[in-house]
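Here is a short briefing on one protein model. Look at the overall build before turning to the details.

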Amino acid sequence: ACYQPSIDDVGSKILVQGTPAIIFGNYTGMPVFKEMGPLIMDHDVERDALDHLEKDILELQGRIESIELKETEPTFSTPMPILFQFNKHSNALTIIALHEGGSKEELFTIDASDIYPIVELDQMYKNLIHIRFNEKD
């Protein structure tokens with residue numbers, strides 16, 4: 001098993017249990033327990049996180065593997081590296097293509113106000129997220 005702590009786990013303790021097993025799945029022996037913690041955040045990570053929260057524009061690099069648009073055909077090809085920019089003052093999410101050679105191309109900007117859109121994120125694999133932008137009902 002594998003465990004990846006998140007920000008919600010800071011200050012918590014972790015209890016790990018190991019149970020001896022033989023190759024065919026039969027358990028033998030007594031379980032072993034170990035408690036660790038409390039979890040603390042690395043000071044550099046905390047400083048970086050707080051710096052990002054202070055900025056007016058938050059940026060996250062990613063990659064578009066494929067895209068489906070309901071009303072129009074995409075004018076770009078995938079897969080492509082991208083930059084998500086969220087502007088806290090204008091409530092706008094901008095998707096920017098990162099081209100070879102360092103050039104950038106704004107693909108589209110979405111109003112991220114209370115009314116539109118609803119953004120749904122589904123983590124499909126460890127490093128793949130399905131993003132859907134929908135209008136509210």
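The protein has one helix and eight strands. Along the sequence they follow the pattern β-β-α-β-β-β-β-β-β. The model is predicted, with a mean pLDDT of 79 for the protein.

**Confidence and overall packing**
- In the protein, 74% of the residues reach a pLDDT of 70 or more.
- Confidence is highest in strand 2 (residues 32–36), at a mean of 91. Strand 7 (residues 118–125) has the lowest confidence, at a mean of 63.
- The protein has 137 residues, and 13% of them count as buried.
- Take the contacts in the protein with a separation of 6 or more: 24% of them join residues 24 or more positions apart.

- Four strands form an open sheet in the order 3-4-5-6, and their pairing is antiparallel.
- Strand 3 (57–64) and strand 6 (104–111) are the edge strands, and each pairs on one side only.
- From one strand to the next, the twist averages 25°.
- Strand 4 (residues 80–87) pairs with strand 5 over six bridges, in the antiparallel sense. In this pairing F86 stands opposite L93 of strand 5.
- Strand 5 also pairs with strand 6, again in the antiparallel sense, over seven bridges.

**Two hairpins**
- The hairpin of strand 4 and strand 5 has four residues between the strands. N91 takes a positive phi there, near 55°.
- The hairpin of strand 5 and strand 6 has five residues between the strands. In its turn, G101 has a positive phi of about 90°.

**Strand 5**
- How many of the seven residues of strand 5 are buried? Seven of the seven are, and the strand is mostly covered.
- In a regular strand, side chains alternate between the two faces of the sheet.
- In strand 5, A92, T94, I96 and L98 point one way. L93, I95 and A97 point the other way. Residues pointing either way are buried.

- T94 lies in strand 5 (residues 92–98).
- Why does T94 count as buried? Its relative accessible area is 11%, and buried means under 20%.
- The bridge partner of T94 in strand 6 is T109. The two side chains also make a polar contact, at 3.1 Å.
- Setting aside neighbours within four places in sequence, T94 is in contact with L83, F84, Q85, E106, F108 and T109.

**The largest nonpolar core**
- The largest nonpolar core has eight residues: I64, M80, I82, F84, L93, I95, A97 and L107.
- Strand 4 and strand 5 are the elements that give two or more residues to this core.
- L93, I95 and A97 are members of the core, and these three point one way from strand 5.
- Not counting residues up to four places away in sequence, I64 touches T78, P79, M80, I82 and I95.

Notes
Residues are numbered from 1 along each chain as its sequence is written. This is a predicted model: local features need pLDDT of at least 70, side-chain atom pairs count only at pLDDT 80 or more; totals for chains, interfaces and linings use all residues. Side-chain values use heavy atoms; hydrogens and water are left out. Buried means under 20% relative accessible area, exposed over 50%, partly exposed in between (1.4 Å probe, protein chains only). A polar contact is a pair of N or O atoms within 3.5 Å; within protein, one must be able to donate a hydrogen and the other to accept it, and residues adjacent in sequence count only if both atoms are side-chain atoms. Contact means heavy atoms within 4.5 Å. Two strands pair if DSSP finds at least two bridges between them. Axes are lines fitted to C-alpha atoms, for helices over the stretch in contact, and angles run from 0 to 180 degrees between N-to-C directions. A nonpolar core is a set of buried Ala, Val, Leu, Ile, Met, Phe, Trp, Tyr and Cys residues joined through side-chain atoms within 4.5 Å. pLDDT is the predictor's confidence in each residue, from 0 to 100.
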